[in-house]
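Trainee: Could you take me slowly through one part of this model, the cavity and what lies around it, and then show me how the strands are arranged?

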Amino acid sequence: MDSEKAMASAPVTATSMTTQLTPFKYSNRVLLKTILDRSDGGLELVGERVLIGGWVKSSKEVMKQTPPPPLPAADHAPAREPDPKSDVSCVEILQSRIPFLRTIVKVLGGSSSNNTLRERIDAVLKPAPPSTAFLKVSDGSCPASLQVVVESSIVPPCQLLHTGTCVTVEGVLQQSVVKGKHVVELRVEKVLHIGTVDYSKYPLSKKRVPIEKLRECFHIRARTTTVGSVMRIRSALTFGAHTFCHNHGFISVQVPILTSTDCNGFSKKYKVTGLFDKADKKEEPKAIAEIEGVSLEAIKATAKEKSSLVEELKRTDSNKEALAAAVLDLRKTNELASQLEAREKAKLKTSQKVDNVKSSEGSFSSQTFLTVSGRLHLESYACSLGNVYSFGPRFRADKGESPKHVPEMLMFEIEMAFSQLEDVMNCADEFFKFLCKWVLENCPEDMKFVTERIDKNRVDRLQSVISSSFERISYAEALNVLNKVTDKKVETNLQWGAALTEEDLSHLSDEIYKKPVIVYNYPKEIKPFYVRLNDDGKTVAAFDMIVPKIGKLISGSQNEERTHILSTRIKDLGLPREQYEWYLDLRRHGTVKHSGFSLEFDLMVLFATGLTDVRDAIPFPRSYGKANY
């Protein structure tokens with residue numbers, strides 16, 4: 001306590017006066033990274049008064065030693081009047097003035113002696129022993145946590161100790177008494193806010209939760225150090241990508257998510273429709289509901305048999321009551337058949353509407369999809385503005401599960417006019433290296449955490465990419481190299497025109513060249529229709545960048561600028577020409593050589609962090625059959 005008083009009364013040094021912390025402009029709190037990310041761990045800020053807010057990551061309570069009780073007075077001590085401030089007089093006053101307390105005292109003490117009564121009252125009203133709560137608080141601005149020290153005289157520790165509790169506190173930064181992980185700690189003087197936690201249902205415990213388990217609570221998992229670091233790295237990469245484009249004069253263009261154009265020509269797409277089966281909302285007749293599963297043909301056959309029975313009864317002039325019953329039965333059967341037939345026609349009509357999406361029923365006048373790629377739309381602006389880029393979600397309706405792909409992923413796409421294949425490969429090379437360098441320079445603390453907890457070689461791998469030259473090989477050369485591989489995991493009898501699998505491409509970068517590889521000049525059959533046809537008539541000017549441990553990260557091409565060749569490609573692939581008339585217009589009116597590429601941004605985050613499943617790199621990933629948020 002003496003040392004604390006001495007520290008509190010010590011004069012403020014010139015250093016501390018020149019290191020005033022600036023609060024966050026829009027909440028008046030100090031971000032923890034401005035304290036903890038300093039080279040000295042915040043030591044120069046000792047003595048500063050700050051207000052911080054965050055969430056408790058872990059905690060402990062340390063009980064203080066209470067002084068021994070005073071010795072009882074000697075028997076020969078002179079009698080004196082009771083001190084009005086003594087415990088007994090307080091109890092007597094309360095007992096005489098608060099009937100409720102007197103009732104409690106009677107229950108607890110009965111008719112015991114005054115000494116026994118006082119002991120029982122002291123046991124009930126005795127305050128909790130003094131203690132100190134040590135909290136590790138994080139506000140999400142950096143991977144480190146600040147140790148916050150709260151005395152029980154300020155707030156009962158039981159309100160603060162649960163993991164996940166949100167606190168806003170004000171106090172003075174002091175050098176940590178215990179040498180170790182924390183250089184400074186915050187001695188709290190005021191607690192301004194406590195956001196309690198339903199601890200029995202809180203999904204994050206004090207112990208580390210497996211990252212697979214965190215996929216069950218996307219809305220809270222960012223409070224963990226691992227996911228928090230990944231999201232900060234993701235944010236830095238986003239800013240870095242925009243910075244690269246800004247530095248090189250690219251113009252940002254937002255491309256549509258809803259499109260009537262199949263950008264690749266052969267991708268699996270999500271179809272958009274505003275139609276709903278209105279018949280499903282109406283209550284079906286009870287008769288139909290009761291015979292669900294019976295075919296219309298069976299009902300018609302039954303009606304035919306009953307019609308024959310009625311005719312027979314009429315010819316034999318039989319019992320009129322039997323004839324009337326048979327006629328009534330036939331009428332009901334015919335009505336049921338008519339209802340079933342009407343329902344079948346309604347289903348067929350609705351199905352046709354969903355396929356054709358009529359403007360009178362749906363939201364659009366033609367088939368509409370969630371976009372697979374924004375490159376075609378981006379290309380139209382490149383042919384007007386020169387160099388453009390776009391950043392947004394792209395969708396693929398693949399049903400399979402993969403650690404590298406989910407139905408919705410972010411793409412960073414670049415398109416350049418007056419640019420050919422060699423130019424765009426150089427741009428992709430420099431763009432990727434820029435992002436690797438950016439994350440190392442702007443996320444040092446998060447990358448340090450990644451190295452300690454996720455992948456110890458991640459920083460070295462990023463630095464190796466920055467300093468190395470990428471291998472560039474043609475598709476034909478890639479076939480020759482792969483066909484010489486003795487590993488049974490790789491197909492070694494690849495023929496010309498075969499699509500290279502993820503395993504084939506990964507083997508090139510992981511095992512053979514052990515660095516990023518660019519494969520170019522693919523057969524025209526396995527690349528989109530818009531890629532420029534090479535002079536050999538067999539290959540197109542497309543490329544893929546393959547990265548170790550990730551696989552294909554960037555895909556790009558020089559696009560076809562010749563109208564007649566593009567028209568032929570559309571026809572040969574059987575694509576609906578009317579969808580691409582606007583695209584052909586770019587060739588009819590001022591055509592120019594142009595090229596571009598798409599970077600799978602979520603896989604870039606995967607490469608930067610060393611994670612192995614893309615669902616852990618996306619804030620709210622969509623996987624097949626799961627879109628719960």
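Mentor: A cavity here is a set of grid points where a 1.4 Å probe fits but cannot get out, and its volume is the space filled by probe spheres set on those points. Please keep in mind that this is a predicted model. By this rule the count comes to one cavity of 30 Å³ or more, and the largest cavity has a volume of about 30 Å³.

With the cavity described, we can turn to the strands. Strand E10 covers residues 387-395 and strand E11 covers residues 408-417, and the two pair in the antiparallel sense over nine bridges. As one example of this pairing, arginine 394 has methionine 409 in E11 as its bridge partner. In general, the strands of a sheet pair through backbone hydrogen bonds, either parallel or antiparallel. E10 and E11 belong to an open sheet of eight strands with mixed pairing, whose order is E6-E10-E11-E16-E15-E14-E13-E12. At its edges stand strand E6 (251-252) and strand E12 (471-474), and because each has a single partner strand, one side of each is left without a neighbour in the sheet.

Another strand to look at is E4, residues 166-175, in which eight of the 10 residues are buried, so that E4 is largely enclosed by the rest of the structure; buried here means a relative accessible area under 20%. Strand E1 (residues 49-63) runs antiparallel to E4 and is joined to it by seven bridges, with isoleucine 52 standing opposite valine 169 in E4. E4 is also joined to strand E5 (residues 184-195) by 10 bridges, again in an antiparallel arrangement, and there glutamate 170 stands opposite lysine 190 in E5.

Terms used
Residues are numbered from 1 along each chain as its sequence is written. This is a predicted model: local features need pLDDT of at least 70, side-chain atom pairs count only at pLDDT 80 or more; totals for chains, interfaces and linings use all residues. Side-chain values use heavy atoms; hydrogens and water are left out. Buried means under 20% relative accessible area, exposed over 50%, partly exposed in between (1.4 Å probe, protein chains only). Helices (H or I, at least four residues) and strands (E, at least two) are DSSP runs, numbered from the N terminus. Two strands pair if DSSP finds at least two bridges between them. On a 1 Å grid over the protein atoms alone, a cavity is a set of points where a 1.4 Å probe fits but cannot get out, and a pocket is an open set with protein on both sides within 12 Å along at least five of seven lines; lining residues have an atom within 4 Å of a point.
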